[in-house]
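Trainee: I am new to this one. Can we go through it step by step?

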Amino acid sequence: MNSRNNLDEYQTIVRGLSDRIVEAQTPVRVLDAVKWDDATRQAFFAAKGRELPQIDRAYYEGRPLAFDSSAKKQEFQDIERDITRQLGQFNPVGQIMRRMCKEYRMVIRMLEARGTPDFGMISQELYGAASDAFHAGDPTLADLGLMLSDYLNNIADRGDLRDEPKNLTAPQAVELLQKRLDVVFGEGEGVIRVFESDGILADAAAGADYIKIRSDALFNERDVRALEVHEGLVHVGTTLNGQNQPICTFLAKGPPSSTVTQEGLAILMEVIAFASYPTRLRKLTNRTRAIHMAEEGADFLEVFAFFREQGYGDDESYSNASRVFRGSTPAGLPFTKDLSYLKGFIMIYNYIQLAVRKGQLEQIPLLFCGKTTLEDMRTLRQLVDEGMVVPPKYLPPQFQDLNALSAWMCFSNFLNHLSLDRIEADYANIL
């Protein structure tokens, strides 16, 4: 973190309050607190996949949180009170920090409720539900998942769209990804480390200045390209930009509201960098559909069967289904964090479209100045103008020069006004 030298009295107060939020949230690790252990997986397959995993309230009670939840809630309450006391009710940066404190208290309440119906309900408050609409009268996330699945099914049997074989081992993927990130972040500086890990559920996971690759996973070059833009350019890049903040240090840490922005940016980057592909998109749509199934009452066995029907093997189907129910019970409401990918993509895409339409291009790169939340973007612009927030140091190439992005969005704005059903009828004789 940058030193407090050269800060005036107001900036010093903000930095002090911000640092308290950063310190307070350190032990709050949501994914660690909700994951299921390997013994649960082994027991499920020992029962031939015919019995619900043995996960209940007592399971989570046997895995206590890494902090005193009551004391931690009180700590955030105290910080929130001091923000109002020292900055006033309507101070813009104070409003962002107060919302973060409220969110972290809600996160703690959700973790306290592991294994109960309240867990799923608080998850919906934090991350949303599959039945949420984007705007009045618009399709829901569940509708989007089904619509994308239909499109993907139409191209599924094309031999030329089959995935390349996964012929890169974890060590090979680590070496290739490290080389690519060194080009972006500076070789030899050790800004980002890539290494193997056997303790993660996904194929890869990003930390503050590192990316972990699962030791037993296999990859192809397209996978590595997707990891470069998703985990590297977005997740690690925004963390480093947040850590580069001299005053608003809270931008290095992401509460749930920033998860939607983060994952939306990551998926958008995959698309505009031509790093995404149908199999990857299907993974995201299937997660959305599975969460919707669980919201509608499906249990773990039904969601596991859904993933089997989608062509996944037993191990991957179990991993995917357990993502849906982690923190909950195998017949309870789902953990809805995985909605962030498609939800965030739509919201970020709309935001950039509107920024281009209104001629406010300077707003777009600010998405990368840390773990931002869409509703704070206007305030962040103000804070940059005041010198309270510094612009992002690390930006993906597509956001450094906004010429191409602006041109694309100008066309996109127009194309959105055309009726695809009408076009399909008109083009029937030529397609």
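Mentor: Let us start with one side chain in this predicted model. Tyr318 has a relative accessible area of 3%.

Trainee: Is Tyr318 buried or exposed?

Mentor: Buried means under 20% relative accessible area. Tyr318 has 3%, so it counts as buried.

Trainee: Which residue forms a tilted aromatic pair with Tyr318, at 5.4 Å centre to centre?

Mentor: Planes under 30 degrees apart would count as stacked, and over 60 as edge-to-face. Here the angle between the planes is 45 degrees, and the pair is tilted. The partner of Tyr318 is Phe44.

Trainee: How many residues apart are Phe44 and Tyr318?

Mentor: Phe44 belongs to helix 3, residues 38–46. Tyr318 belongs to helix 14, residues 314–325. The pair links distant parts of the chain, and the separation is 274 residues.

Trainee: What is the relative accessible area of Phe44?

Mentor: The cut-off for buried is under 20%. Phe44 is buried, and its value is 2%.

Trainee: Which residue pairs with Phe300 at 6.0 Å centre to centre?

Mentor: This pair is also an aromatic one, tilted, with 55 degrees between the planes. Phe300 sits in helix 13, residues 300–309, and its partner sits in helix 14, 25 residues apart.

Trainee: Which residues do ring pairs link into a cluster?

Mentor: The structure holds 21 aromatic pairs. Both pairs we discussed have their residues in this cluster. Its members are Trp36, Phe44, Phe45, Phe300, Phe304, Tyr318 and Phe325.

Trainee: Now the whole protein. How many helices and strands are there, and what is the radius of gyration?

Mentor: The protein has 19 helices and three strands. For 431 residues the globule rule gives 22 Å, and the protein is close to that, so it is as compact as a globular protein of that length. Its radius of gyration is 22 Å.

Trainee: What share of the residues counts as buried?

Mentor: The same cut-off applies here, under 20% relative accessible area. Across the 431 residues, the buried share is 52%.

Trainee: What share of the contacts between residues at least 6 apart joins residues at least 24 apart?

Mentor: A contact needs heavy atoms within 4.5 Å. Among contacts between residues at least 6 apart in sequence, the share joining residues at least 24 apart is 73%.

Trainee: How far apart do the centres of the positive and negative side chains lie?

Mentor: There are 48 positive and 60 negative side chains. The centres of the two sets are separated by 2 Å.

Technical notes
Residues numbered from 1 in each chain as written. Predicted model: local features only at pLDDT ≥ 70, side-chain atom pairs only at ≥ 80, totals over all residues. Heavy atoms only, no water. Helix = DSSP H or I, 4+ residues; strand = E, 2+ residues; numbered from the N terminus. Rg over C-alpha atoms; globule rule 2.2 N^0.38 Å. Buried < 20%, exposed > 50% of the residue type's maximum accessible area, 1.4 Å probe, protein only. Lys, Arg positive; Asp, Glu negative; His and termini not counted. Charge placed at Lys NZ, Arg CZ, Asp CG, Glu CD. Phe/Tyr/Trp six-rings, centres within 6.5 Å; stacked < 30°, edge-to-face > 60°.
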